[in-house]
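Biologist: I have not looked at this one before. Can we go through it step by step?
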2 protein chains.
Amino acid sequence: MDYAHALPKEVREKFRTGELDGQTSGMCEGYAQANLVCLPRELAYDFLLFAQRNPRPCPLLEVSDTGSRTLHTIAPGADLATDLPRYRIYQKGELQGEYTDVRPYWRDDLVSFLIGCSFSFEGDLLAADVPVRQIEEGRNVPMYNTNIACQPAGVFHGSMVVSMRPIPYALVPKAVQITGQMPRVHGAPIHIGDPEVIGIHDLAHPDYGEMVTIHEGEVPVFWPCGVTPQNVIMASKPDFCITHSPGHMLITDIKNVNLKY
Amino acid sequence: MDYAHALPKEVREKFRTGELDGQTSGMCEGYAQANLVCLPRELAYDFLLFAQRNPRPCPLLEVSDTGSRTLHTIAPGADLATDLPRYRIYQKGELQGEYTDVRPYWRDDLVSFLIGCSFSFEGDLLAADVPVRQIEEGRNVPMYNTNIACQPAGVFHGSMVVSMRPIPYALVPKAVQITGQMPRVHGAPIHIGDPEVIGIHDLAHPDYGEMVTIHEGEVPVFWPCGVTPQNVIMASKPDFCITHSPGHMLITDIKNVNLKY
């Protein structure tokens, strides 16, 4: 079953009932996907400031009202506790487990942060004949921890996570220009070429997601990634945090093209 | 004396000593200017959320650490309490007065929000032969309250303030495209033409700044304005707030061109 042409609310319904729980790359073509971070209100100011100071990895699409499991703008009908395919819960920075429904763990003091996802610019890349390998291969995108320090804010500090797509050398400038037009979903690459320069020592073993094939004549291109908050949560060790599972995003009702304006 | 080619730190020094205290449009060509809002920490989360929800009028360039009068990124050497030409203080939403130095009123719990300013795109407009009337006429830009509601956040609510520039009909599309490339300094216009449509009933008498001449064959074009928070402060009535005086901005060390990327 191909969900590229499904509507966001149809797919969210399948995540809600548990009929689907896989990664979302390539689903609901044309609609923006979002990373999720839910933190207690007492940490929300520090995290909101962290996002403001680090807009490349953390471009905010929406912030919920305190305690609310719903949103006003990007996905009004969605239930944040059930409508993503897969969640993670962290306690004091330790991953406690993965869940397909976090209603039992929800708290009235949680604030939800929805962060733009690079899946949004993949449609434009494909339309311009730039390959997107993990879609070709039906995998989750490979993501890596780096040595690029984020600007700290309050209790939050840590380094940037990046997603990687192999791009043929001749298409790299086009890939930069296309993605540079969409800063609300991470924008232009943060690094092009040698992974060692940004502290990635083993490209074959991503820290999140799955490896994809890099063909002869292709260069690894790295974009800031909305999984960065999870690395920051592990470093900063807040008591409690719910996130999406990497690659398993909220599919919103916002069209990617509207994120350009 | 023409300060178009002065360096930001030179002009900030003149504001600090009181040698200058006028409006800053056209000063330090190429460098970004910023609106200022200082609020007590207990209101800072609500205001940061307000800015996140209203990025057209409130694009944040930097948020200070609590109590700090200095910044890390956009103007590292500046003292926020002395280096703007003119400030306003509001108590419970009432304007208390204008000051050229707010050190006597500073508080250790203040958080400073620096918001992008449409003066930043005026250099690109002029370079492309689009006139900027208030620079031609040596005046402050005209600004107006509108009926465009902002998205509320916590205690903050109110309507958008806009700046107005008269543009010859044939140059309006170019003006939209040039400013649309700079979302961090308010981006594209929010309205073009009939002021009544956005609730402006008397174009000749701006709510802030000064009127400029509209020539035959020109249309008033309106951009979201960083004075919006002052309108919101008057509506929301927080106990204490320091802002810049409209048109009397912080001149930063960031080049406008770098706000595009």
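Biologist: How many salt bridges does the rule find across the interface of chain A and chain B?
Modeller: Two salt bridges, a salt bridge being a side-chain nitrogen of Lys or Arg within 4 Å of a carboxyl oxygen of Asp or Glu. One of them joins the side chains of Arg53(B) and Asp65(A), at 2.9 Å from N to O. This is a predicted model, where local features need pLDDT of at least 70, side-chain atom pairs count only at pLDDT 80 or more, and totals for chains, interfaces and linings use all residues. Residues are numbered from 1 along each chain as its sequence is written, chains are lettered from A and ligands numbered from 1 in the order in which they are written, and side-chain values use heavy atoms, with hydrogens and water left out.

Biologist: Which elements of chain A each supply at least two residues of the side that touches chain B?
Modeller: α2 (41-53) and β2 (60-63) of chain A do; helices (H or I, at least four residues) and strands (E, at least two) are DSSP runs, numbered from the N terminus. The largest share, seven residues, comes from α2(A).

Biologist: And how much area do chain A and chain B bury between them?
Modeller: About 1400 Å², with 53% of it on carbon and sulfur atoms. Buried area is the accessible area (1.4 Å probe) that two parts lose on being put together, summed over both. The contact (heavy atoms within 4.5 Å) takes 16 residues from chain A and 16 residues from chain B.

Biologist: New topic. Is Ala188(B) buried or partly exposed?
Modeller: Ala188(B) is partly exposed, at 22% relative accessible area; buried means under 20%, exposed over 50%, and partly exposed in between (1.4 Å probe, protein chains only). Ala188(B) sits in the loop between α5 (172-180) and β8 (191-192) of chain B.

Biologist: What does Ala188(B) touch?
Modeller: Not counting residues up to four places away in sequence, its contacts include Arg56(B), Val176(B) and Trp223(B). The C-alpha atoms of Ala188(B) and Val176(B) are 5.3 Å apart, with the two residues 12 apart along the chain.
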